[in-house]
Amino acid sequence: MSPIEQLAGDARAALKSGAGSERRARQRARLLAAPFRRERGARLAWRWAPVAAALALACWFGLRLPLPSNALSVAGEPALTSGRWLRVPDDRAMLLDFADGTSIRFEPQSASRLGLRSPSQAHVTLESGGLKAAVRPAAVTGRSWAFDAGPYEVLVIGTELDITWNAEHAGLSVHVEHGRVRVRGGPLGDEGIALGSGDRLTADGAHLELRRGGQLVPNEPSAAPSSPQAPTPASAPAPSSTSNAPSTEAPRVAPSGSSARPGAAPAPKPTASEPAAPRVTWESLARSGDYSEALSLAEQEGFDQLVARLPVVQLELLADTARLSRKPSANRAQQALSALRQRFPATEPANRAAFRLGLLALAARDYGAASRWFETYLRAAPGGTFAADASGRLIEAKERLGDRRGAEAAARAYLEHFPNGPYAQVARGVLRGDTLAR
Amino acid sequence: MPWTGTDFELLELARGGDTAALAAAVYDLFTGDVNRLVWRVLGADLEHDDVVHQVFINLVLGLPKLRDPAALRGWMASVCVKTVRTEIRRRRIRRFFTGGSAPAHQVAGPVADHEARDLLQKTYSLLDTLPAQEHIAFALRHLDELPLEDVAQACGCSLATIKRRLKKAETRFARLAEREPALAERLRRAERQAGTSGSESRDDYARFAREERA
């Protein structure tokens with residue numbers, strides 16, 4: 001066997017089998033739902049390939065526009081139930097379909113978190129970027145949807161809408177294609193404002209602008225508060241909040257504590273002391289997924305001081321920032337995680353910190369430390385989110401440390417608790433006497 | 001219910017025009033082969049499912065034109081290879097236009113072992129830099145362990161051509177692997193185990209370099 005063949009053999013063994021049964025079921029369902037005619041049309045479109053290539057070249061040389069690409073399809077329901085954080089690739093959108101028939105398309109480069117507030121309440125936190133959602137009415141599906149963007153919350157009654165959020169400038173844009181939504185929070189107050197088909201609400205820092213059917217609605221919600229009982233103008237009677245009003249109507253619900261009602265007295269302009277846009281901080285950058293910039297800003301701000309004074313949530317975020325930066329700083333991550341465990345002992349974040357310290361040690365090939373951290377995590381949170389992962393990595397750490405008996409014990413424990421887990425094969429291999437590739 | 005008919009009946013079904021039934025039958029019949037081939041050629045790729053989907057679309061659309069049931073398996077492999085080749089080239093073009101260099105190969109899915117993950121990332125990153133034809137030939141032969149005849153059939157070329165292509169791919173792979181410390185170390189270890197000095201592959205490399213210069 002030649003060296004190349006042996007190397008390829010190692011790679012083949014590492015690659016293991018491909019898609020499992022669940023994944024194949026998804027592939028099959030997707031294939032059966034495929035519009036074959038359109039695909040055939042797409043093949044014919046290759047005849048236009050030279051023209052397309054010329055256009056693409058023009059774009060590249062002249063406008064430097066990125067090429068469009070197909071959306072990445074991700075199973076929505078598991079992401080929702082597990083509360084996943086999604087970072088959309090730079091060059092393609094991400095499409096999620098949910099069990100209730102709702103689908104959401106996240107634009108390239110956007111970041112968001114999905115989750116369930118209750119079994120009947122789904123919510124998406126848009127940290128940055130844009131999304132386009134087609135939400136099936138809660139009355140039909142029994143599940144309501146809410147979208148958070150900075151201080152705003154968009155409650156969906158059943159609609160198709162676009163939302164974009166720029167965390168740096170506190171810029172929100174909500175465009176309702178059809179259906180109804182309510183936007184609240186920030187300068188709109190708790191009551192918020194209802195939007196109908198064709199309405200577009202734009203918020204840029206403290207400045208709000210509402211367009212109904214493409215026309216700017218005068219005296220629409222501004223940032224400065226005014227009387228919540230502002231009168232409704234005769235020229236634009238406000239319908240009841242439950243009616244499905246056409247888009248040219250005035251806002252149906254005015255924000256409480258704000259001048260959002262149409263025809264209300266002109267609101268006083270924001271004072272000079274009011275900030276036009278929130279300051280960019282390491283935290284806002286980290287929350288938008290730009291860990292590299294966030295880390296460099298945190299260093300400028302004084303990493304040591306931050307570690308000493310930040311509350312637990314931010315401290316955990318700071319550690320993630322150091323870990324996930326484009327140039328990860330293991331020392332900084334270790335410093336933040338150790339401080340977290342020291343300052344907030346016996347808390348859930350402290351347990352998670354133990355697991356992450358184990359990961360860092362494993363990456364640094366300090367297998368003894370990695371074993372200790374994974375054991376610490378498993379003792380503190382035997383049923384924790386990372387229990388399966390920590391158990392599996394403990395096998396690896398013990399085996400690489402040369403602690404054969406420890407590795408076997410860890411493998412037995414793993415198989416007992418997670419017989420079908422991702423490390424099950426590794427565990428069985430260790431019990432058979434295999435060694436991991438060095 | 002999985003497809004239980006013969007290859008002849010499958011072609012009959014394709015000519016019948018019931019696309020949904022055909023798609024289900026084709027998927028059930030070839031899911032193992034297609035998934036394995038794409039997995040081996042592109043690795044544990046983030047877009048694995050998209051590529052598999054495209055292969056099946058091409059299979060369903062192309063099947064009505066196939067006449068010989070005996071050629072079904074070979075035809076399936078060739079469609080698979082063509083689709084994957086298109087995908088590799090599409091990525092290369094995309095990288096060219098977006099101005100990026102080849103990104104580090106991302107391993108999707110649970111690969112438990114750090115070393116294994118590292119090996120996969122480096123191996124497939126390196127394969128990504130080979131010409132598409134060589135990438136595929138190398139992967140089919142060494143990662144999917146297909147016999148040379150089957151590799152030639154899937155790639156739609158003669159046995160002699162595939163041997164030449166494979167030799168080029170191996171030489172280029174070995175040369176590039178030398179620049180990657182982890183892979184180079186593995187190769188040296190394999191050489192020691194095999195009791196060879198590696199002179200054969202170095203000779204190949206020297207010959208290949210001469211050919212390239214010429």
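This is a predicted model: local features need pLDDT of at least 70, side-chain atom pairs count only at pLDDT 80 or more; totals for chains, interfaces and linings use all residues.

**R12(A) and its surroundings**

- R12(A) has a relative accessible area of 18% and is therefore buried (buried means under 20% relative accessible area, exposed over 50%, and partly exposed in between, with a 1.4 Å probe and protein chains only).
- Apart from neighbours within four places in sequence, R12(A) is in contact with R40(B), H142(B), L143(B) and E145(B) (contact means heavy atoms within 4.5 Å).

**Where α1(A) meets α5(B)**

- Two packed helices are described by the angle between their axes and the distance between the axes.
- For α1(A), residues 3-15, and α5(B), the axes come within 9 Å and cross at roughly 120° (axes are lines fitted to C-alpha atoms, for helices over the stretch in contact, and angles run from 0 to 180 degrees between N-to-C directions).
- That angle makes α1(A) oblique to α5(B) (under 35 degrees counts as roughly parallel, over 145 as roughly antiparallel, 65 to 115 as roughly perpendicular and the rest as oblique).
- From the α1(A) side, L7(A), D10(A), A11(A), A14(A) and L15(A) take part, and they meet A116(B), L119(B), L120(B), T123(B) and Y124(B) of α5(B).
- The residues of this contact between α1(A) and α5(B) divide into eight nonpolar, one polar and one charged (Ala, Val, Leu, Ile, Met, Phe, Trp, Tyr, Cys and Pro count as nonpolar, Asp, Glu, Lys and Arg as charged, and the others, Gly among them, as polar).

**A look around chain B**

- Chain B has 10 helices and zero strands (helices, H or I with at least four residues, and strands, E with at least two, are DSSP runs numbered from the N terminus).
- Of the 214 residues in chain B, 53% count as buried.
- Among contacts in chain B with a separation of 6 or more, 65% come from residues 24 or more positions apart.
- α5(B) also has a partner within its chain: its axis and that of α6(B), residues 132-143, come within 9 Å and cross at roughly 145°.
- Here Y124(B), L127(B) and D128(B) of α5(B) meet H135(B), F138(B) and L143(B) of α6(B).
- The residues of the contact of α5(B) with α6(B) divide into four nonpolar, one polar and one charged.
- Helix α3(B), residues 48-62, has 15 residues and reaches 21 Å from its first C-alpha to its last, close to the 21 Å expected (the expected span is 1.5 Å times one less than the number of residues).
- α3(B) is mostly covered, with 14 of its 15 residues buried.

**Back in chain A: helix α12**

- Helix α12(A) covers residues 348-363, and its 16 residues reach 23 Å from first C-alpha to last, close to the 22 Å expected at 1.5 Å a residue.
- Because 12 of its 16 residues are buried, α12(A) is largely enclosed by the rest of the structure.
- The buried residues of α12(A) include P349(A), F355(A), R356(A) and L362(A).
- They pack against α10, α11, α13 and α14 of chain A, together with α5 of chain B.

- L306(A) lies in helix α9 of chain A, residues 303-309, and is buried with a relative accessible area of 0%.
- Leaving aside neighbours within four places in sequence, L306(A) is in contact with W282(A), A298(A), E301(A), L315(A) and L318(A).
- The C-alpha atoms of L306(A) and A336(A) are separated by 8.9 Å, with the two residues 30 apart along the chain.
- Phi of R365(A) is near 60°, a positive value in a residue other than glycine, and R365(A) counts as exposed at 55% relative accessibility.
- Q109(A) is not a glycine either, and has a positive phi of about 75°.
- Q109(A) is found in the loop between β4 and β5 of chain A, and counts as partly exposed at 46% relative accessibility.

Notes
Residues are numbered from 1 along each chain as its sequence is written. Chains are lettered from A and ligands numbered from 1 in the order in which they are written. Side-chain values use heavy atoms; hydrogens and water are left out.
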